[in-house]
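My entries follow in the order in which I made them.

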Amino acid sequence: MAANSSSTGNKSSSGGGAGKQSGPSAEQVVATFQRMRQEQRNMASKAAELEMDINEHSLVIETLKEVDPSRKCFRLIGGVLVERTVKEVLPALESNKTVISEIVETINTQMQAKGRELTEYRERYNIRLVGEGEGEAQGQPAASSSNSEGGGSKSGAGVLVS
């Protein structure tokens, strides 16, 4: 919480300074990046939850297909257990499964868009995750030294995120 209060304090002081070209402070960049990552995680979590619902629907549908259509069954609707027949419940389950599948597809496309947005944001502000720079530093020592000499402003503006 302290980072958020200090970043709001920096807004007024950095907003008036004409010397900074990058715009938001490092704290603001990190906070925005973390928020975007959390949004993507939430989408992935919701997609996984809905995938489990699809699997449960499939299991119940397969079970009910083998049962006499006039047999009574119970269905939980909005917290209320309702008695129906299999022939009434089966079409509703199949349509629910279809709707959930469409929602999962929508969430997956949104996650891909959020991933592209995150990548663009990382490239724009030169954000590196902890542990990510170690492989690059070992694999390309000459390239990183030439970047730091030739493009000092780009490597100096980088943000390290844990």
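**Notebook: helices, hairpin and a loop residue**

I began with burial in α2, where Q28, V29, F33, M36, R37, M43, A47, L50, I54, H57, I61 and L64 are buried (buried is under 20% relative accessible area, exposed over 50%, partly exposed in between, with a 1.4 Å probe and protein chains only). I noted that this is a predicted model, in which local features need pLDDT of at least 70 and side-chain atom pairs count only at pLDDT 80 or more, while totals for chains, interfaces and linings use all residues. Residues are numbered from 1 along each chain as its sequence is written, and side-chain values use heavy atoms, with hydrogens and water left out.

I then looked up the length of α2, which covers residues 26-65, has 40 residues and reaches 58 Å from its first C-alpha to its last, close to the 58 Å expected at 1.5 Å a residue. Helices here are DSSP runs of H or I of at least four residues, strands are runs of E of at least two, and both are numbered from the N terminus; the expected span is 1.5 Å times one less than the number of residues. For α3, residues 86-125, I found 40 residues and a reach of 57 Å from first C-alpha to last, against 58 Å expected.

Next I checked how the two helices pack: α2 and α3 meet at an angle of about 160°, with their axes 8 Å apart (axes are lines fitted to C-alpha atoms over the stretch in contact, and angles run from 0 to 180 degrees between N-to-C directions). α2 and α3 are therefore roughly antiparallel, a label for angles over 145 degrees, with under 35 roughly parallel, 65 to 115 roughly perpendicular and the rest oblique. By class, the contact of α2 with α3 has 23 nonpolar, 10 polar and 11 charged residues (nonpolar is Ala, Val, Leu, Ile, Met, Phe, Trp, Tyr, Cys and Pro, charged is Asp, Glu, Lys and Arg, and polar is the others, Gly among them).

I looked at E56 in helix α2, which is partly exposed at 48% relative accessibility. E56 and K97 lie 41 residues apart in sequence and 9.3 Å apart in space, C-alpha to C-alpha.

L76 has L81 in β2 as its bridge partner, and G78 in the turn of 2 residues has a positive phi of about 60°.

Last, I asked where N126 is placed. N126 is in the loop between α3 and β3 (127-129), is partly exposed with a relative accessible area of 23%, and has a positive phi near 55° although it is not glycine.

Notes: Two strands pair if DSSP finds at least two bridges between them.
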